[in-house]
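Here is a short report on one structure, written for a first look. It begins at the ligand and then turns to a single residue.

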Amino acid sequence: MPAFAVIGAQWGDEGKGKIVDYLAQHCQYVVRFSGGNNAGHTVINEMGEFAFHLVPSGIFWPQVTCIVGNGVVIDPDVLLDEIRKLQERGVDTSRLLISDRTHVIMPYHVRLDALEERARGGSAIGTTGKGVGPAYVDKVGRVGIRAGDLLEAGHSTTFLPRLAHVVKQKNAIITSVYQGEPFSLEKLQARCVEWGQRLAPYIRPTEPVVHQAIARKENLLLEGAQGTMLDVDHGTYPFVTSSSPSVGGACIGLGIPPHVITGVIGVFKAYSTRVGGGPLPTELHDATGEAIRQRAWEYGTTTGRPRRCGWFDAVAARYSAAVNGFTSLVLTRLDVLDGFPSVKVCVAYRLDGKTLNQLPTNTSVLDRCQPVYEELPGWDQPTASVNHRAGLPERALRYAARIEELIGVPIDLISTGPRREETVVVRPMIKA
Ligand code: IMP
């Protein structure tokens, strides 16, 4: 069985882009199943450094077909810009397909994202402001515009009445609730027509392509975005994104049955980060947190915001493993912890004099939890750029082993830097 899901196991930004690029060498398909251009993937390879948001991270391998699945929301301007930039740098984008069921982030979604955030005041979620949440709201509210609709955006009897209905609704909210400027229906339709024309070569029903690949037993990499702790159901609600970054989202976001997913690869950073609001129990407000941020340059790829940093949280990690059923773990950015005299792992929480081993549901409770740390000796010898297991310092291996033990899943790959070759394969996960 051929599908391997690469899942963000924490609060996003675990370094999935590099891992997907690395694992894609053994695959024929890389398919994205959730999120939008709130995600930011950085890939560094022999062609240079690429930071993108929507195009799957497998695009650099000539044998790979990249698919943006139905569970993704696309901002056409962002996608077209990424396609153009890739083409300018000589990357073949004819291997990119976009599901006709993918929902479109419309300009009113971006506006509403900003207006809603402002209205939330002190309890703002800290969204990326890309219109992702409002686009998913319209999908579920059955007033969304899909990529396939863009292909008939000039039609006055099919497309226009649907757009007119939703624009009227959005304008009423924008003008009455937020005293903002309304959108012009004609201008929006014209933009949809243009997007449809420019994206037409990429838009098609992608489920049959995926189903045929599965029937041929080709290797598919299911590329997750964001992280499990940001999942709309399983994350730290309401401080979450509006999609399902956990493995369940892959079935819905691509139209595939669960039994074809034989490998669920959980990507963990060697420490914790979070961008935006919401609880982060191991957050460090001291010099150590700042040292991690500066060493790792923990600033958002999409928004440039500083990420909140802290020690590895094994309570959240165990929960994430339970939700996703990880079969393998990947540990990224181990090199960031090089040279610390000691490193800490949160093994439980303390709340009101009691020890908690499980992640509480309510953020108000999680906010009050204090981490219980286990302290492990740090390592002097660098792990940065090491590409074989024997080259890793004994104490770094001990740290990785403790994380494995706490989660109960083996670490099969360790990333020691942003480049493809800065990777330690402990056990190959995908056979070519
Ligand atoms: P939204 O997805 O833009 O609505 O933002 C909701 C929450 O998810 C905010 O806390 C964002 O910072 C966070 N978020 C969304 N996408 C990412 C990501 O790719 N990495 C990390 N955090 C993200």
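## The ligand and its shell

A polar side-chain atom of Thr241 comes to 2.6 Å from an oxygen atom of the ligand. This is a predicted model.

| Residue | Protein atom | Ligand atom | Distance |
|---|---|---|---|
| Thr241 | polar side-chain atom | oxygen | 2.6 Å |
| Gln226 | polar side-chain atom | nitrogen | 3.1 Å |
| Gly126 | polar backbone atom | oxygen | 3.3 Å |

The ligand exposes 470 Å² when taken alone. The protein buries 97% of that area.

How many residues surround the ligand? There are 15, and the closest are Asn38, Thr128, Thr241, Val275 and Arg305. By type, the shell around the ligand holds six nonpolar, seven polar and two charged residues.

Why does the ligand lie between domain 1 and domain 2? Both domains give residues to its shell, so the ligand lies between them. Domain 1 covers 3-92 + 205-425. Domain 2 covers 103-145 + 152-199.

## Thr282

Now to a single loop residue. Thr282 sits in the loop between β12 (272-274) and α10 (287-296). Is Thr282 buried or exposed? Its relative accessibility is 0%, so Thr282 counts as buried; the cut-off for buried is under 20%.

The side chain of Thr282 reaches the backbone oxygen of Trp311 at 2.7 Å. Trp311 is also one of the residues that Thr282 touches, leaving aside those up to four places away in sequence. Others on that list include Ser272, Cys309, Phe312, Cys346 and Tyr373.

How values were computed. Residues numbered from 1 in each chain as written. Predicted model: local features only at pLDDT ≥ 70, side-chain atom pairs only at ≥ 80, totals over all residues. Heavy atoms only, no water. Near = heavy atom within 4 Å. Polar contact = N/O pair within 3.5 Å; in protein donor to acceptor, adjacent residues only side chain to side chain. Areas by Shrake-Rupley, 256 points an atom, 1.4 Å probe, with all protein chains shown as cover. Nonpolar A, V, L, I, M, F, W, Y, C, P; charged D, E, K, R; others polar. Domains from an automatic or database assignment. Helix = DSSP H or I, 4+ residues; strand = E, 2+ residues; numbered from the N terminus. Buried < 20%, exposed > 50% of the residue type's maximum accessible area, 1.4 Å probe, protein only. Contact = heavy atoms within 4.5 Å.
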